[in-house]
Each structure stands twice: as structure tokens, then as C-alpha cells.
Amino acid sequence: MTFGKEKGADVIELEQVGYSYSGAELFGDVSLQLAPGSFHFLTGPSGAGKTTFLRLLYGALRPTTGRVRVFDTDLAGLDRDGLALMRRRIGVVHQDCQFLDHLPLADNLALPLTVSGRDVTAEAANLKELINWVGLTHRADARPPELSGGERQRAALARAIIMSPDVIIADEPTGNVDWDMSQRLLQLLVELNRMGKTVVMASHDLALIRAAKTQVQTRVLRISNRRLQTAGADL
Amino acid sequence: MSGKDVKALILGDAQADRVVPPTGFTARLTLFASGAMAFLAVFALALSMASGRLATRWADELARSATVRISAPADQMAAQTEVALRLLRQTPGVASVRAFTDAEQAALLLPWFGPDLPLDDLPVPRLIEVIETAEGFDAAGLRLRLQAEVPGAVLDDHTRWRRPLVVAADRLRLLGWISIALIGGAMAAMITLAANAALAANRQVIEVLRLVGARDAYIARAFVRRFTIRGLFGATVGMGCGVLGILFLPQVSDEGGFLTGLGFTGLGWLWPLVIPLLAAVVAFFATGFAAHRTLRSLA
């Protein structure tokens, strides 16, 4: 199943990708191109493989069949160090966003800078601005376990974009927050998309997807019956 | 590990050092294991060095002296002794020779026969002490000459009983080194276990670090550096205690023999300083091995 190629050089390209778990096919024959600056929703029933699909996009999993190319590089050809360097260009937000619980929030958000060897002190102004952008200035010194669900999601988003990645992959970022917070997170992702970032967001919240479609041009992908399909206009 | 990684490991990185949370149990285990092992290593080192000194002393002292024993009828004893002395003085490699006096021989036999030994009435052989030069003499050649010119003379160069003593001391020294190697191995095993426990307990930390683009070398370094420092610190304390223990041992004395000679002499006191460094090296490699194995399995 192939989806039409979008304009510009693709940031992520899947070629007849399939993934099986313990011999059972989760999905197969997926071909897809994601252009720079595009916004994609990934939806589907629970257990359809949305998280697995997203993990394939940033090399956390290897496909059983087919090829995944990110920034024109076949992930199969990358070793662990190569994958690590590639991930610095992809911001990932999980539903159960994990942090280093012993570090203050500000240090957690600076973690991508730390691991890439950049001078955190020199980036202090940017970090402060980012914390302010996600509305967590008053929580900068708090430890992650002290944060609410919505604060954790916003913090995870801030951490994902601090390196100014080309792609943002968000796995059900609004899964554990109320509607207002979902709207706020969506607004942040839309702003990032308007800055030229490619966004792929898994969500089963159709109301949220409809709300997004009023603000930004999106494509909705649906995993169903082990196949990736484009969702219809009925959304 | 690249040169940059090694430099970062030695110099440290305040930010990177903080990514791994302090883990009480593994920290205490590493400190205790390295401290205890360093303490034992000091004694093993002292044993090895003391037995080494003993072997050298026995080898040197006994190798430089020999004895010629002359068993002859009483009327020929003085003549054969004179011939033997002359022959020995002419032998290359002999520094000095001296026949024991009757009083000296009586003193030698005193422990066995008591103070009133009538030496004149007993066929006691005459003993000649031979001191060798540094080059030594040809024992086989000397034996042949003595056999030809002094029929009652027997050369004893102490080889027969000196060799097992030297071998025993050498074995003791080897035992000391084997102990040090075993101590190092045991320490490596314990630190590996502690590192594995720390890595398992910090699985979430590793996942987060990978998610934000940390290379394996960075993650491994954070653990390796912490365990290396713990190993170094624990071993330094253990070594200090061990050296204090050695200092409080009784001083060297003839009466105490080998036991009171257990310790270090002169520059030998510097050797224990090597132990913490070796412990750090062991901790470095043990943790590095554990970290890379765990990171591979989590990939």
C-alpha cells in the first residue's frame, strides 16, 4: 500500500515495511513518505500497532520486512551510535513520558544538549525561553514526580524540541490529560509545524484531530486490519 | 573508546556525572569490596615481597659459602687438612678458607653432645669453611682435585639443602602474587555484579538517555566513571588500613624469623600505592564490560 509522495525531499520514507511480533504480523506492506513541514495524525484502535509504527520511524525498532529511510539514510545500515546521532534530529514524546526523576525539570529539559556535548550554560537563555513557552517557568526547579500529567507532557514536548529537531514524533501526548490541556498541547505542536517541523502524532481522540484540521493542513493515517490507510473525510 | 572518551572519563563532566542517580546499595558494595580487597592485597604483597627477600638472602648467603669435611685417621688429619687448605687457596673463585678450631667444632656439637665433649677421644672430622668470590668456584672440578689429593675430604657446597629452601621461598612469593591476582579477580567480579545491579536499576535512565540521543559510550562512561572513582576511593582506604596493619606488626628480629620480616623495606613501602590504581583499572574494565554488555542487550 503506497501513499502519494509529497513535495520536497522526504524526511522519512517507508518502503514496503512490515512488522511481526512473535510470528504474528502486526502490520505489513506499508509504504509512506513524509515531507518536511507536514503534519500527520496516526490513529487506529488500541493494539493496532500505533506505538510500534512510531518506534519504527525513529529506529527504536527494526522492521521485519522492508526499509525505513530517515533523512535519506537507511536505518538498517546504522549502528547504535549512528541511531543515537540520528535521534538528535528527531524529538520524541511518549504518552508515559519518562524523565530522570532525580534531576530538576530544567536539567531534564536540557538533557538532549548535555548528551550531545553542547554547553548548557551557553544555551541557558534558550532553555529559559523554552520553559516559558510551554508554561513551566514556575516549575523549573521541581522534580518530575512532583509534576502533574499535563505538566509532564508539556515538559516532554519541550525536551523533544530543545535540539530544534526536524521531526517531532508524539505518541498519544494527550492521552492522560483533560480537553483543555489537550488543546494546549495541540496548539504547541501546530506552532512547531508552522515553524517548519514535520509532526507525526498518534491519537485516538477524533475530536482533537478534527480540531487540528481547522488549524493546520494535516493528513490522517489509520492502522486497521494490519494495514495503513488514509482516513476518509468523515473524520 | 576513543581518545576523546578517555579524556572525558578522566576529566569528568559535571553535567554528565549527574545523569546517573546515586545508588546507595551498589555504591556501598563497590566501596566495601574494593576496600576489603585492597586491604588483603597489601598483606599478599607484603608476603610476596618478604618471601622474595628471604629467597634472595638464602640464595646469596648460602651460595657464597661451602664446607670441606676431612675424615682421616688422627695421625693424618693435620697433614690432610694442610693439603686441603693449600689446594683450596689455589682454587680460582675461592676468596678465603679457614679450618675450624677444636673449640669451634665443640661449639657446633654442643647442642647434641653437651658441654663436656672429649673431642680428642672421638673421630670428629675437621671442618674447613670456604668463602667464595662473587664469581664462585667450579664445584665439580674442586671435588675431583680433592678426591685425588685429599682422599678423606668431602666438599659440601650446600646445594642439597639450599635448593629446597630457595624453591620454598620462591613458591611462597608466587603464592603471594597468585593471591593478588585472585584478589583482583574477586574484586572485578564483585564490581561487575554491583555495576550490573546499578545498570538494571537504572534501565529507565538508559532508555531516557537513548531517547534523547545519547551514544552508548556516553551512557557507559557515566557508569564507568562513577564505579572507577568508587573503586579508587575504597581501595585507597583499604590500602591505608592495610599499611597501618603492616606498620603495627612486630619489627624484624632473628628470634621471630620469617613472620616478623613480613612487611616492606625502603622504597618497597611505595608498592602499596599501586594497589588503589590497579583497583581503579579493574573497576574501569569491569564496569565497562558490564555496561557495554547491558547496553547491547537493551538495544
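Two strands count as paired if DSSP finds at least two bridges between them. Strands themselves are DSSP runs of E with at least two residues, helices are runs of H or I with at least four, and both are numbered from the N terminus.

**Ground rules**

I am working on a predicted model, where local features need pLDDT of at least 70, side-chain atom pairs count only at pLDDT 80 or more, and totals for chains, interfaces and linings use all residues. Residues are numbered from 1 along each chain as its sequence is written, chains are lettered from A and ligands numbered from 1 in the order in which they are written, and side-chain values use heavy atoms, with hydrogens and water left out.

**Chain B, strands**

I started with β1(B), residues 65-70, and found that it pairs with β3(B), residues 126-132, in the antiparallel sense over six bridges. I looked up B:S65 and found B:I131 of β3(B) opposite.

β1(B) also pairs with β4(B), residues 153-156, again antiparallel, over four bridges. Here I noted two opposite positions: B:I70 faces B:A153, and B:T67 faces B:D156.

Which residues of β4(B) lie on the covered face, and which on the uncovered one? I get B:A153 and B:L155 on the covered face, with B:V154 and B:D156 on the uncovered one. As a reminder to myself, side chains in a regular strand alternate between the two faces of the sheet.

**Chain B, domains and a loop**

I checked the domain assignment of chain B, whose bounds come from an automatic or database source. It gives domain 1 as 3-53 + 172-298 and domain 2 as 72-151. Taken over C-alpha atoms, the centres of these two domains of chain B are 58 Å apart.

Next I went to B:F248, which sits in the loop between α9 (216-247) and α10 (274-298) of chain B. Is B:F248 buried or exposed? Its relative accessibility is 71%, so B:F248 counts as exposed; the cut-offs are under 20% relative accessible area for buried, over 50% for exposed and partly exposed in between, with a 1.4 Å probe and protein chains only. I also looked at B:G263, 15 residues from B:F248 in sequence, and the C-alpha to C-alpha distance is 10.0 Å.

**Chain A, sheet**

I traced an open sheet of four strands in chain A, in the order β2-β1-β4-β5, with antiparallel pairing. β2 (24-34) and β5 (73-74) of chain A stand at the edges with a single partner strand each, so one side of each has no neighbour in the sheet.

β1(A), residues 12-21, pairs with β2(A) over seven bridges in the antiparallel sense. I noted A:A24 in β2(A) as the bridge partner of A:Y21.

**Chain A, positive phi**

I flagged A:Q16, in strand β1 of chain A, for a positive phi near 50 degrees in a residue other than glycine. A:S164 is not a glycine either, and its phi is positive at about 50 degrees. A:S164 lies in the loop between α6 and β7 (167-171) of chain A and is partly exposed, at 46% relative accessible area.

**Chain A, helix pair**

Last, I looked at α6(A), residues 149-161, against α7(A), residues 179-194: the angle is about 10 degrees and the axes are 10 Å apart. That makes α6(A) roughly parallel to α7(A).

Definitions and conventions
Axes fitted to C-alpha atoms, helices over the stretch in contact; angles between N-to-C directions. Parallel < 35°, antiparallel > 145°, perpendicular 65-115°, else oblique.
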